[in-house]
Amino acid sequence: MPFSDSPYIKYLVGAVAGTAAAFVLFNGIFFYNEAGFATHVRTIFGEEKVVDDVGYATKWFGRATPWKKALSVQSVLTEALNQIDDNSDNDSLGATIEAFPIVFLGNVDAKVESSARFRLPSGEQFLKIAQEYRNPENFIRTALVPAIKETLQATASLMTADDFYAGARSEFAAEFENQLNDGLYLIKRKEVRGPRGHVPQQTAILQAGTEQGTFGDNNASQFVTEKVIDAKGMPVRKQQQFRKYGVEVVEARITNVDPNPQYKQRMVKVQQALAELAVARQNRLKEEEEKLLVTARGEKEVEARRQETLRDQIERTTQAETEKQLARINAEREKGRAEIEKQTAELLRDKASITAQATKITADAEAYAREAVIKADGALQPKLDALIAINKVWAEAAAQAPVPSVMMGAGQNGASSRQDEIGQLMGVLATKAARDLALDLKVKD
């Protein structure tokens, strides 16, 4: 019997057909929901539902569209875009697009590399998104990517490229995330006139051929942007459309900003100018430090001389004060000595005065006694004593008188010799002395 007519073949074919039918039937009825996904299910019975639990669920021969609960949109430069593998599972239900250009305040265009991650809602809100956009690709392409582009441009309109590269990178990233989550700021352009004599600032933000202002213009002005404020003082915002569906912004980052070549050339020139300025500033600081060093040395020398002069002055002043103190001490000592001498003199004077008074009293007493004696006998005894003394003197004189060798004749008064002459002289002198003493030699009866 041929093998094709064997009953085993029929059983084998029937088993394979049954297995295939069961597989098709199973895949038509069931599907598997992966972790981190929410599946939009539409059955042949017209039922729509959302399955977000991990495991098998029924779809009853309908369509099951998986949505990633967190969608990522990344923009990169063309060179980096060519290196990305589109078949990678990491980019599944996400988007990696080419970086699109933005224009900063001041008309400097640049390309921005950014990364944003969104979390989808659950329940009825997710069902609305699935019904509105049908699949994740449409939602990313028509809702998220335009919102990111608009937000990047709105953020770039808040600052100049110079501000961005001068240190406002974090501010730019923060404003991008803020506006992407809470809505775009409504801004208005305003002309601000500078003060008289204001010189417009020339920076690298202007494009080639753009008016950069005239130096010395008294009516210089510039255009700035301001946020529109409502009656309560709060900025007016334009709400993001995807936020109406309950989509949340998990994170938003600015990874790179690539300006146009003209601005890069200006940045190189500015960097060179800044480097030269830094070198000049360092040289100026060096000169100033050297000047300060010279000044410090001069001040040190002047201070040293001043200290020496001050020390000499202090020494001279101290010496003068010492001499003054010594002179004062000497003067005080001399004064004390003089006081002592004065007191001693006064004591001696008082003593002399007392002695003089005592002497005077004694003399007065003796005089009084002599006067009393004299008054009693007419001072006879003193007069006699005086007469005797006078005669004694004349007698001694006569005794010592030389005797002449030749004797002449008698004198007129009848004196016959030298002895007679002396006798006569002595008599005359005695008479004179008696008369001078008022001595009465007569014997009273």
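**Close-up views of a predicted model**

**View 1. Arg-349 and Asp-350 form a salt bridge.** The closest N and O atoms of this pair are 3.7 Å apart. A salt bridge here is a side-chain nitrogen of Lys or Arg within 4 Å of a carboxyl oxygen of Asp or Glu. Arg-349 is exposed, at 53% relative accessible area. Asp-350 is partly exposed, at 37%. Buried means under 20% relative accessible area, exposed over 50%, and partly exposed in between (1.4 Å probe, protein chains only). The structure holds eight salt bridges. The model is predicted: local features need pLDDT of at least 70, side-chain atom pairs count only at pLDDT 80 or more, and totals for chains, interfaces and linings use all residues. Residues are numbered from 1 along each chain as its sequence is written, and side-chain values use heavy atoms, with hydrogens and water left out.

**View 2. The whole protein chain, for orientation, has nine helices and 14 strands.** These are DSSP runs (helices H or I, at least four residues; strands E, at least two), numbered from the N terminus. The chain has 445 residues, and 22% of them count as buried. Its accessible surface comes to about 30800 Å² (Shrake-Rupley method, 1.4 Å probe; for residues, only the protein chains shown count as cover). Carbon and sulfur atoms account for 55% of that surface. Take the contacts between residues at least 6 apart in sequence: 70% join residues at least 24 apart. A contact means heavy atoms within 4.5 Å.

**View 3. A salt bridge joins Glu-150 and Lys-238.** Their side chains meet at 2.8 Å, N to O. Glu-150 sits in helix α4 (residues 136-156), and Lys-238 sits in strand β13. The pair links distant parts of the chain, 88 residues apart. Glu-150 is partly exposed, with 33% relative accessible area. Lys-238 is also partly exposed, at 40%.

**View 4. Asp-258 pairs with Lys-264 in a salt bridge.** The closest N and O atoms are 2.6 Å apart. Asp-258 belongs to strand β14. Its relative accessibility is 24%, so Asp-258 counts as partly exposed. Lys-264, at 37%, counts as partly exposed. Leaving aside neighbours within four places in sequence, Asp-258 is in contact with Leu-77, Ala-110, Lys-111, Tyr-165 and Lys-264. Lys-111 is 147 residues from Asp-258 in sequence, yet 5.0 Å from it in space, C-alpha to C-alpha.

**View 5. Tyr-133 and Tyr-245 form an aromatic pair.** The count comes to eight aromatic pairs. Here the centres are 6.1 Å apart, with 75° between the planes, and the pair is edge-to-face. Rings of Phe, Tyr and Trp (its six-membered ring) pair if their centres lie within 6.5 Å; planes under 30 degrees apart are stacked, over 60 edge-to-face, and the rest tilted. Tyr-133 lies in helix α3 (residues 124-133), and Tyr-245 lies in the loop between β13 (237-238) and β14 (248-259), so the pair ties together parts 112 residues apart in sequence. Tyr-133 is buried, with a relative accessible area of 16%.

**View 6. Ile-129 is buried in helix α3.** Its relative accessible area is 0%. Beyond its neighbours within four places in sequence, Ile-129 is in contact with Trp-67, Pro-121, Arg-134, Phe-139, Tyr-245 and Val-247. Gly-246 is 117 residues from Ile-129 in sequence and 9.4 Å from it in space, C-alpha to C-alpha. Arg-134, one of the contacts, lies in the loop between α3 and α4. Arg-134 has a positive phi of about 70°, although it is not a glycine. Arg-134 is partly exposed, at 37% relative accessible area.

**View 7. Five aromatic residues, Phe-104, Phe-164, Tyr-165, Phe-172 and Tyr-263, form one aromatic cluster.** Elsewhere, a charge meets a ring. Lys-227 lies over the face of Tyr-185, 3.9 Å from the ring centre. A charge sits over a ring if NZ of Lys or CZ of Arg is within 6 Å of the ring centre and within 35 degrees of the ring normal.

**View 8. Phe-30, Tyr-32, Val-54 and Tyr-56 form a nonpolar patch on the surface.** Together they have about 430 Å² of accessible area. Patches take residues with over 30% relative accessible area and no salt bridge; like charges are joined within 9 Å, nonpolar side chains (Val, Leu, Ile, Met, Phe, Trp, Tyr) within 5 Å. Phe-30 is in strand β1 (residues 30-33). Phe-30 counts as partly exposed, at 32% relative accessibility.
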